[in-house]
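Subject: Structure handover

Hi,

Here is the structure for you to look over. Please open it before reading my notes.

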Amino acid sequence: MMQDIDSNLRRHAGKIQSLLDSVLNSRGDSDPELRRAVEHQAATHAGRLPEGGPLLPQELGNYVDKVSRHAFKVTDADIETLRADGYSEDAIFELTLCAALGAGIARLDRAIAAMKGEVNAPKKH
């Protein structure tokens with residue numbers, strides 16, 4: 001079973017990296033540096049990366065926290081708060097993807113570590 005896990009990881013690693021690169025570094029309405037900071041904060045909350053990293057503006061940080069920890073609690077009011085802070089709908093969409101991606105990959109790392117019998121997920125990516 002471990003060989004199957006490792007084999008699948010190797011097979012999909014390039015696709016995962018390509019997805020990360022596309023979402024975090026491609027042209028968009030939001031700055032790629034901001035997108036990377038959002039992904040980093042979400043990954044930190046989900047246990048993939050150590051604390052630290054770029055600070056986000058407070059309202060955006062609160063939104064990223066909510067998306068990465070309790071996405072089902074996001075409301076229209078959260079989106080309106082970001083719009084009032086000057087983020088376009090496209091930027092909000094991009095930043096939401098970055099937060100979901102950071103949290104999702106962190107959870108995937110932790111699940112794989114658990115299947116391998118490791119105590120903690122790797123702190124890299």
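Below is what turned up in it, by topic.

**Confidence.** This is a predicted model. The mean pLDDT of the chain is 86. Of its residues, 84% reach 70 or more. Helix 1 (residues 2-25) has the lowest confidence, at a mean of 80. Helix 4 (residues 76-84) has the highest, at 97. Where pLDDT is low, the predicted coordinates should not be read in detail.

**Salt bridges.** The whole structure holds three salt bridges. One of them pairs Lys66 with Asp78, with the closest N and O atoms 3.0 Å apart. Lys66 sits in helix 3 and Asp78 in helix 4, so this pair ties together parts that are twelve residues apart in sequence. How exposed are the two partners? Lys66 counts as partly exposed, at 25% relative accessibility. Asp78 is buried at 18%, because the cut-off for buried is under 20%. Leaving out residues up to four places away in sequence, Asp78 touches Tyr63, Lys66 and Lys73.

Glu80, Arg83 and Glu89 are linked in a network of salt bridges. Glu80 bridges to Arg83, with the closest N and O atoms at 3.5 Å. Arg83 also bridges to Glu89, at 3.0 Å. Glu80 and Arg83 are three residues apart in helix 4, so about one helical turn separates them. Both count as partly exposed: Glu80 at 44% relative accessibility, Arg83 at 39%.

**Nonpolar core.** The largest nonpolar core has 22 residues. Val38, Leu60 and Val64 touch the most other members. Helix 1, helix 2, helix 3 (58-70) and helix 5 (89-115) each give two or more residues to this core. Helix 5 gives the most, with eight residues. What does Val64 touch, not counting residues up to four places away in sequence? Its contacts are Val38, Gln41, Ala42, Leu56 and Ala99.

**Helix 2.** This helix covers residues 32-45, 14 residues in total. At 1.5 Å a residue, helix 2 should span 20 Å. Its end C-alpha atoms are 20 Å apart, so the two values agree. At the start of helix 2, a side-chain oxygen of Asp31 comes to within 2.7 Å of the backbone nitrogen of Glu33. Buried residues in helix 2 include Arg35, Val38, Glu39, His40 and Gln41.

Best wishes

Note on methods:
Residues numbered from 1 in each chain as written. Heavy atoms only, no water. pLDDT = per-residue confidence, 0-100. Helix = DSSP H or I, 4+ residues; strand = E, 2+ residues; numbered from the N terminus. Contact = heavy atoms within 4.5 Å. Expected span 1.5 Å × (residues − 1). Buried < 20%, exposed > 50% of the residue type's maximum accessible area, 1.4 Å probe, protein only. Polar contact = N/O pair within 3.5 Å; in protein donor to acceptor, adjacent residues only side chain to side chain. Core = buried A, V, L, I, M, F, W, Y, C linked by side-chain atoms within 4.5 Å. Salt bridge = Lys/Arg side-chain N within 4 Å of Asp/Glu carboxyl O.
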